[in-house]
Amino acid sequence: VSSQPADLPESQGSPSLWIQSVLYRPEPGQFDRFVQGLRAATALALNRGWFRSIKLAIGDCSPGKVLGYEQAIELGESLERYGIDEFEYLFFNDNLGSARGHNELLDRSDGDLVLIVNPDVYLCPDILLHLLTPLDDPLVGMVEARQVPVEHPKAFDHLDGTTSWASTACVLIRREVIDRVGGFDGDSFFLYCDDVDLSWRTRLAGYRVVHQPSAVVFHDKRLTSTGGMEVGAAEFYYAAEASLMMAWKYSRPDLVEAWSKELLSTGNAEHRRAVEAFRAREKKGTLPPPLDSAGTVAQFVGFNYAEHRFEVSA
Amino acid sequence: VPDRYHFSYGVHSVYPRVVELVERFRIAEAQVVLDVGCGFGAIAEPIAELGLVYCGVDVDTDALEDLEARGFETVHADLSDADAGLDLVRKQLADRGLATITSIDLLEHVTNGGAILRNLHDLSLSQGGVPLVLAVPNITHFDVAAKLLIGRFDYTPTGLLDDTHVAYFSPGRLHEVTSRSGWSEVGRNDFELADSDQHFPAEVAVLADGTPLHRLLFQIRDQAMEGAIVNEFVRAYAPLAVPAHLAHPVAEPEQPFLTVMVRTQAQRTSTLMETLLSLAAQTVQDFEVLLLAHNVPQDEIGKLRDLVDLFDPEFAGRVRVVQVEGGGRAHPLNAATAAARGEYLAAIDDDDIAFGHWVEEFHRAARARPGRVVRSMVAEQTVESMQWGSEAGYEVIGALTCPFPEDFDLWMHLFENQSPFCGFAVPVACFSDMGVKFDETLAVVEDWDVLVQAALFCGVVNTKEVTSIYRRWHSPHSSLHQHSQDEWVRSRDKVLARLDQRTLPMPPGTLSDFHRMYHERNQLQGQIAELISERQEARLAAASALQEIDEIRHSGSWELTGPLRTLGSAVRRVLRGKG
């Protein structure tokens, strides 16, 4: 952490950074912890000169405002003391979902780089340096942080970090990538797989997506007593819906068919509802046009979108 | 002074121990030993034999006359009176130097002991810093404590419960009274009596040596605090330049719920950073962190502090870097128990990681069942070393598993550990008041040893939540690799042997467990007997069948049909070959 990053070309100087996060009914204290981790990471990054400026935008999809007017002003002032140039808080007054919420914020963004983070994370103080380093390579479009305590099992190249997709729990993206691929597909994805889709379109545009194990973010997940992940009913629905959409969008009608059958025969009520919703869109003709018909970037490994190094839980 | 206090200078008494301390700590060039509250002056002659001048101070005329008759100097003065009392003593001393002040069996008879000690402190400083030797009965002797448990408090004419005592001293109380009066302990020569004058009735189970009850109570008293068999504290003190009661009081910071111990040798900065990150991200922040830098070079200590200071000040301000030198794995843990300010103590090593509710669950369960050990579940994951550019990192290579049981089972823990260190929190009072310590002679399993002791004392409450991950290194990093299997076995055997020597305070339900195991054993024995019997019958049947076969083979008809059987076998071989 004491070293300077292997900088972007000197003529460019340090980049500017836009950080954005979308809230939806955060647990009590969660947003405060998020801000605490964020301000230490940004303060270090600014003190060390890794970035010339940092702005923060929060979009709120919750039914009621998470921050009142006074609180937002107060937070902005406190962040200013940590060197953050600008703080924006947008109350959407609607649950737009992750992808649309992020697109709303991306429309306002103006940094050379964009950091997309979940609000239930706590950034490691030195994370921004580690996320920045792989961007020395102009072909790297997205750099994903490693999540702890539950690490994602996606495979990655041990030499250059190349991976199938990057989770937007915490990812640093070149602004030019956003401009070229056009942000998230909010029409197709509400809660899940918007990041897989963005990653694959980034790769289709010729960039690499990189997993950076030294960039660490604490993502507040919990385990069941058998070591499995805690999953809510809504997650069943959105995960199933997103799976079908991914298979469709990446030119795998065979998988759409197979997964639909499996979800209908062995799935729960939420799974069946997701299949029905997908078929309704199919009928209406509102599904997105399929991409990557040659299968150059899309990876369907079971229900996963990458080879996995290990099972999440035994 | 009543005649009952006219004690002689016995070899097996408190007096020679006082004189030994006088010899050790007296001002060499001075001559006078001032014996405050001297009574009949039991140490007068031995002091004189050392070539010193004994001078007794008391308010009792009879006692002083007795001393004078024996040729010793006396001062009739009350030393709780700062002006008159001290003036008389100074007058008596004239220009002679004061070698030592002694006070034997005085403080327990007066209600103004603090004032006397403060005046003696002033006298000491005015004489260039003269030491003080005190002898005071110990009210926390095991005999007194054990008898209190059965409702007995037996006053006696003299001794530990002398019916004229008005003040009582424990080790802590003596320290408090002396330090507040400006005295700092420099030496001790306590008078021990395993069987004190309160050791009656000797046959009662709490007192009788070797009874299970006596063993249990004595081990609790002995482990908890010094002085289980001290009859009288005999201590030497030096005067403090600034007495504690005059020093500026230091405001104690608010007590946190939890003290978190993080052991590190600063060899894995990447994993340490993650451990700290997981603590910074806790949903309940009512804790302090002791980062125990064990055998870490001085220049690396600064780097550790720098690493901590990368975090938000609100968190970093609650992390203390504690430098610990020497000893094994348990040594820093004992350093931490001494420095802990929390109500509870938990540990997480610098390669383990907490979930966001690690502290929250400890807190919730401790509030619901105060004083218990709190145990959460721990997941396990295999990792291996990996280089992250120039940095030593690691990679997860295995699934998360939960191999440890959901609930704490004391019986199973008496065989082997089923609770990783990061999965439980122990009340700090278990260490500070019950005297539990991490055994520094153990190469490993020091946490298991403490968990079992704490569980026996406090009981255990289960949170049933998975709140941390224990990382198992698939490389020579792990303690499993660093310590040979032999060491594990040796340490385990040592823990079990020590437990086996003690009377264990087993919890309610133990008898039922015994019964269950007894019935299971009987059932199994019955099943084994049945199996043995069945095997025997089978053997007999087999032997009988073999005999019948043998008889058939040697019968006439068997021999006559032999060629037919040979032909049949040949035909079968040919058919198989074709198939």
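**Reading the model**

Reply: We may begin with one position: B:Glu252 is placed in the loop between strand S8 (230-239) and strand S9 (258-264) of chain B. Helices (H or I, at least four residues) and strands (E, at least two) are DSSP runs, numbered from the N terminus. The model is a predicted one, in which local features need pLDDT of at least 70 and side-chain atom pairs count only at pLDDT 80 or more, while totals for chains, interfaces and linings use all residues. Residues are numbered from 1 along each chain as its sequence is written, chains are lettered from A in the order in which they are written, and side-chain values use heavy atoms, with hydrogens and water left out.

Me: Is B:Glu252 buried or exposed?

Reply: Buried means under 20% relative accessible area, exposed over 50%, and partly exposed in between (1.4 Å probe, protein chains only). B:Glu252 has a relative accessible area of 67% and is therefore exposed.

Me: How is a nonpolar patch on the surface to be read, and which residues form one?

Reply: Patches are made of residues with over 30% relative accessible area and no salt bridge; like charges are joined within 9 Å, and nonpolar side chains (Val, Leu, Ile, Met, Phe, Trp, Tyr) within 5 Å. Accessible areas come from the Shrake-Rupley method with a 1.4 Å probe, and for residues only the protein chains shown count as cover. Here B:Leu148, B:Phe153 and B:Tyr155 form such a patch, with about 310 Å² of accessible area together. B:Leu148 belongs to helix H6 (residues 142-149) of chain B; its relative accessibility is 48%, so this residue counts as partly exposed.

Me: Which residues of H6(B) are buried?

Reply: An α-helix has 3.6 residues a turn, so residues three or four places apart point the same way. In H6(B), the buried residues are B:Phe142, B:Asp143, B:Val144, B:Ala146 and B:Lys147. Their cover includes helix H8 (212-224) of chain B. After H6(B) comes B:Gly151, with a positive phi near 80 degrees.

Me: How many residues of helix H3 of chain A are buried?

Reply: Helix H3 (residues 97-106) of chain A is mostly covered, with 8 of its 10 residues buried. Among them are A:Gly101, A:His102, A:Leu105 and A:Leu106. The elements against which the buried residues of H3(A) pack include strand S1 (16-23), strand S4 (113-117) and helix H6 (194-204) of chain A.

Me: What surrounds A:His211?

Reply: Contact means heavy atoms within 4.5 Å. Neighbours within four places in sequence aside, A:His211 touches A:Glu144, A:Ala145, A:Arg146, A:Phe156, A:Gly161 and A:Thr163. A polar contact is a pair of N or O atoms within 3.5 Å; within protein, one must be able to donate a hydrogen and the other to accept it, and residues adjacent in sequence count only if both atoms are side-chain atoms. The side chains of A:His211 and A:Glu144 make one of 2.6 Å. A:His211 lies in strand S8 (residues 208-219) of chain A and counts as buried because its relative accessibility is 6%.

Me: Which backbone values deserve attention?

Reply: Most residues other than glycine have a negative phi, and most peptide bonds are trans. A:Cys193, not a glycine, has a positive phi of about 70 degrees, and at 9% relative accessibility A:Cys193 counts as buried. The peptide bond from A:Val148 to A:Pro149 is cis, with omega near 0 degrees. Another cis peptide bond joins B:Phe200 and B:Pro201, with omega about -10 degrees.

Conventions. Salt bridge = Lys/Arg side-chain N within 4 Å of Asp/Glu carboxyl O.
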